[in-house]
Amino acid sequence: MAETRITRDVFGSLPDGREVERVTLRGADGFEARIITFGAALQALLVPDAHGAVDDVVLGHDDLLSYVKLRKFFGATVGRYANRIAGARFTLDGNDVRLEANDGAHALHGGPDGFDRKLWQIVATEDGEQPSVTLLYVSPDGEANYPGRLDVRVTYQLTGPMQLSVTFAARTTRTTIVNLTNHSFFNLDGLAAGTGILDHRLTLAADHYLAIDETAIPLPGPPHDVAATPFDFRDAQAIGARIRADDAQIKCGRGYDHNFCLRGGDGVRLAARLESPRSGRVMELHTDQPGLQVYSGNYIDATVSGKGRVFRQSDALCLEPQVWPDTPNRPDFPSARLAPDEVYKHETIYRFSTTGASA
């Protein structure tokens with residue numbers, strides 16, 4: 001009899017009594033992904049290190065109440081529009097769309113009640129060598145003032161021995177904008193180590209990045225060249241090597257909180273490589289999106305805890321594949337427009353391996 005690689009259990013209940021499920025997908029050598037229906041979130045990701053020891057490499061919580069009480073986007077599916085929209089408004093086909101501001105004057109990650117706060121429905125599971133789960137959320141026309149009913153599906157699948165693929169698909173009833181991503185916070189040392197990510201080495205397939213103002217909105221003009229700046233990760237660099245540099249953009253983000261403009265055009269391609277010298281874990285991120293938001297955990301503080309530890313600044317790194325921020329207000333940026341006769345598609349692959357470890 002074949003080994004079962006997928007299981008379902010109850011993770012908890014929301015205050016209104018609705019049940020939240022957790023689906024566990026199991027791969028080889030202890031590799032395991034756990035997904036909860038609240039926010040269609042990656043609740044845990046267990047990955048072996050260079051010595052075969054398995055540990056969780058994403059921030060999060062062991063209980064549902066913590067996800068409900070604190071909106072930190074840990075592992076969440078973010079939408080309708082990931083990242084920021086300046087002034088919480090945009091014009092679409094001549095119509096002025098006003099959103100709900102939740103980041104000063106701006107709209108961030110879908111507004112105050114985005115997809116990360118919704119209860120998603122499991123619509124399909126698949127056992128076998130490549131176990132998967134597909135979750136559905138139907139966003140009503142006008143929710144958070146976005147036009148069109150949006151039917152969204154996200155599929156988590158183990159597509160290799162140590163490989164997690166996340167695919168998004170969406171259709172709309174009216175022309176709208178869509179920008180979905182997964183918002184996992186990674187620490188490849190493993191959460192049990194109690195260390196941060198400043199010694200992690202990062203490589204990015206990006207020659208340009210978007211400079212931002214003090215409210216994290218992209219500045220007018222074209223993307224900036226990474227050459228001779230703290231944003232040059234074309235060759236592997238320790239995240240902490242230049243994170244305190246005397247640089248105006250570093251100061252704006254209090255570290256890295258910027259969109260990198262990925263080279264390579266359409267199609268799934270390598271966007272980032274992250275390596276922990278301590279554990280020997282390596283993560284390659286492949287995506288078909290034009291941008292990658294890199295966030296070095298600058299606003300995590302010791303008031304947040306989970307999975308047996310307190311989370312502090314730079315305890316984790318977010319690598320969020322997406323279209324560029326504020327695209328609806330920037331015709332010079334890649335488009336986030338979705339018409340009723342189109343299908344939004346987004347694929348990201350997290351591929352893990354190991355190399356020599358220092359400890």
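This is a predicted model: local features need pLDDT of at least 70, side-chain atom pairs count only at pLDDT 80 or more; totals for chains, interfaces and linings use all residues.
Residues are numbered from 1 along each chain as its sequence is written, and side-chain values use heavy atoms, with hydrogens and water left out.

Me: Why is the pair Arg 8 and Glu 21 called a salt bridge?
Reply: A salt bridge is a side-chain nitrogen of Lys or Arg within 4 Å of a carboxyl oxygen of Asp or Glu. The closest N and O atoms of Arg 8 and Glu 21 are 2.9 Å apart, so the pair meets the definition. The structure holds 24 salt bridges.

Me: What makes Arg 8 and Glu 21 a link between distant parts of the chain?
Reply: Arg 8 belongs to strand E1 (residues 6-13) and Glu 21 to strand E2 (residues 19-26), 13 residues apart. Strands (E, at least two residues) and helices (H or I, at least four) are DSSP runs, numbered from the N terminus.

Me: Why are Arg 8 and Glu 21 called partly exposed?
Reply: Buried means under 20% relative accessible area, exposed over 50%, and partly exposed in between (1.4 Å probe, protein chains only). Arg 8 has 44% relative accessibility and therefore counts as partly exposed. Glu 21, with 22%, is partly exposed too.

Me: Is Arg 84 buried or exposed, and what is the state of Asp 103?
Reply: Arg 84 has 12% relative accessibility and therefore counts as buried. Asp 103 has a relative accessible area of 24% and is therefore partly exposed.

Me: What makes Glu 275 buried and Arg 273 partly exposed?
Reply: Glu 275 is at 17% relative accessibility, so it counts as buried. Arg 273 is at 30%, so it counts as partly exposed. The side chains of these two residues meet in a salt bridge (3.0 Å, N to O).

Me: Why is His 61 called buried?
Reply: His 61 has a relative accessible area of 1% and is therefore buried. His 61 is placed in the loop between strand E5 (54-56) and helix H1 (64-69).

Me: Which residues does His 61 touch?
Reply: Not counting residues up to four places away in sequence, His 61 touches Phe 11, Gln 43, Ser 66, Tyr 67, Phe 74, Ser 305, Gly 306 and Lys 307. Contact means heavy atoms within 4.5 Å.
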